[in-house]
Amino acid sequence: MRALVMTEAGGAEHSHVLDLEPPRPGPGQVAVEVAYAGLNFVDVMARRGDGGYTADWPHHPGKEVAGTVLALGEGVTHLAVGTRVVAATRGGGLAEVAVADAELTVPVPDGVPLEVAATTPLGLATALLLLTDAGRFAPGESVLVHSASGGIGTAVARLLPHLGGGRLLGTVGRPEKAGAALRHGYHAVHARGGDGLAAELRAANGGRGVDLVLDPLGTTALDLDLDLLAPGGRIVLFGNASGAEPAPLPPLPRLLGANATLTGFSHNGLLTHAPAKVAGAVRRTLDLLAAGSLDTPLTVLPGLAAVPAAHDLLAAGRAEGKYVVALDR
Ligand SMILES: NC(=O)c1ccc[n+]([C@@H]2O[C@H](COP(=O)([O-])OP(=O)(O)OC[C@H]3O[C@@H](n4cnc5c(N)ncnc54)[C@H](OP(=O)(O)O)[C@@H]3O)[C@@H](O)[C@H]2O)c1
């Protein structure tokens with residue numbers, strides 16, 4: 001089978017499409033013949049060699065797939081060969097065959113195209129869990145999302161109306177990305193880097209503080225988040241896009257004074273410690289897709305050879321929305 005393999009830390013020059021032996025499912029696992037795989041920033045962080053994102057080289061990227069069950073490992077009884085499924089993989093998803101834990105493999109309802117389903121195991125599930133589980137969003141609240149025009153940012157915008165709706169504010173790294181976020185459902189989007197950002201965002205929220213901030217920017221925007229937070233508000237830290245060493249967290253008086261809740265979120269951590277939470281979120285987003293009430297814009301890449309250039313776009317902050325790749329056998 002063909003698979004994308006990253007041979008050492010760096011850029012696209014170390015990403016290669018190679019012929020490999022297909023993986024076999026171990027006990028409690030399934031092998032999936034992959035039709036579409038999602039691209040995610042975590043693969044870019046691994047490619048850069050960010051600490052904690054790749055254990056060793058070569059690295060096999062890809063953490064969400066859609067396809068059909070090819071083989072069952074020992075003890076797997078609730079899935080059948082040939083069933084259309086999505087799966088959250090621990091890695092190796094950017095390949096013609098991927099192995100996943102059966103408990104993280106979910107059947108795809110009729111009528112949901114596999115290219116759309118491929119965005120559920122990591123992308124849509126993360127956006128849903130950020131809002132609900134970590135963010136405790138309540139209908140009518142205001143939400144601020146950094147990197148609003150990206151894959152997660154777009155998914156948050158699409159999901160929010162299904163959770164009761166609220167005022168949605170975003171930031172983007174480049175002004176030209178604001179339009180895409182606005183099209184996907186943000187009420188106001190501002191570029192980071194200017195002096196007046198806090199004032200602009202507060203004004204865009206009617207002069208009020210923000211109830212929930214979803215922040216994948218390490219600690220670089222944390223001061224801004226705390227300045228903007230409404231009393232009792234929540235900040236969910238869920239990434240470190242620049243890969244820079246995070247600064248120490250703000251001193252206790254700052255958190256106390258802001259009546260702030262600071263929460264961490266890791267999809268990967270949940271795969272290990274609470275896989276049922278991820279599987280539940282995947283089912284819920286698949287159900288919304290099956291009901292036809294959730295549309296998720298995406299860019300479909302024609303094959304694995306196109307993935308390194310798309311990873312370049314993500315790494316440079318020039319990507320927009322969600323990308324999936326078709327496995328072009
Ligand atoms: N904790 C979790 O479980 C989890 C799960 C999924 C995703 N995430 C995180 O969520 C974020 C979005 O993920 P995604 O897959 O949807 O990717 P994405 O938003 O489509 O692309 C990543 C975005 O990060 C920003 N960025 C890239 N390089 C940067 C840099 N050096 N410094 C600052 N910002 C930079 C850019 O947006 P702007 O320039 O417009 O801000 C870029 O478009 C990522 O940081 C990812 O690691 C975390």
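Start with the ligand and the shell around it: domain 1 (2-119 + 296-326) and domain 2 (124-267) each contribute at least three residues to that shell. Keep in mind that this is a predicted model.

Next, colour the shell by residue type. It divides into 12 nonpolar, 10 polar and 2 charged residues. Helices H1 (41-48), H3 (120-134), H4 (151-159) and H11 (307-315) each supply at least two residues of the shell. Of the 24 residues around the ligand, those that come nearest are Ser147, Ile152, Arg192, Phe238 and His267.

Now show the polar atoms. Select Arg192: a polar atom of its side chain lies 2.6 Å from an oxygen atom of the ligand. For Lys177, a side-chain N or O atom is 2.9 Å from a ligand oxygen atom. At Phe238, select the backbone, where a polar atom is 2.7 Å from a nitrogen atom of the ligand. On its own the ligand has 880 Å² of accessible area, and the protein covers 85% of this.

Go back to Ser147, in the loop between E8 and helix H4 (151-159). Ser147 is not a glycine, yet its phi is positive, near 60 degrees. Ser147 is partly exposed, with a relative accessible area of 30%.

Then select Arg136, in the loop between helix H3 (120-134) and strand E8 (142-146). Arg136 also has a positive phi, of about 50 degrees, and is partly exposed, at 47% relative accessible area.

Last, go to Pro58, in the loop between helix H1 (41-48) and strand E4 (64-72). The peptide bond from Trp57 to Pro58 is cis, with omega near 0 degrees. Most residues other than glycine have a negative phi, and most peptide bonds are trans.

Technical notes. Residues are numbered from 1 along each chain as its sequence is written. This is a predicted model: local features need pLDDT of at least 70, side-chain atom pairs count only at pLDDT 80 or more; totals for chains, interfaces and linings use all residues. Side-chain values use heavy atoms; hydrogens and water are left out. Helices (H or I, at least four residues) and strands (E, at least two) are DSSP runs, numbered from the N terminus. Buried means under 20% relative accessible area, exposed over 50%, partly exposed in between (1.4 Å probe, protein chains only). A residue is near a molecule or strand if one of its heavy atoms lies within 4 Å of it. A polar contact is a pair of N or O atoms within 3.5 Å; within protein, one must be able to donate a hydrogen and the other to accept it, and residues adjacent in sequence count only if both atoms are side-chain atoms. Accessible areas come from the Shrake-Rupley method with a 1.4 Å probe; for residues, only the protein chains shown count as cover. Ala, Val, Leu, Ile, Met, Phe, Trp, Tyr, Cys and Pro count as nonpolar, Asp, Glu, Lys and Arg as charged, and the others, Gly among them, as polar. Domain bounds come from an automatic or database domain assignment.
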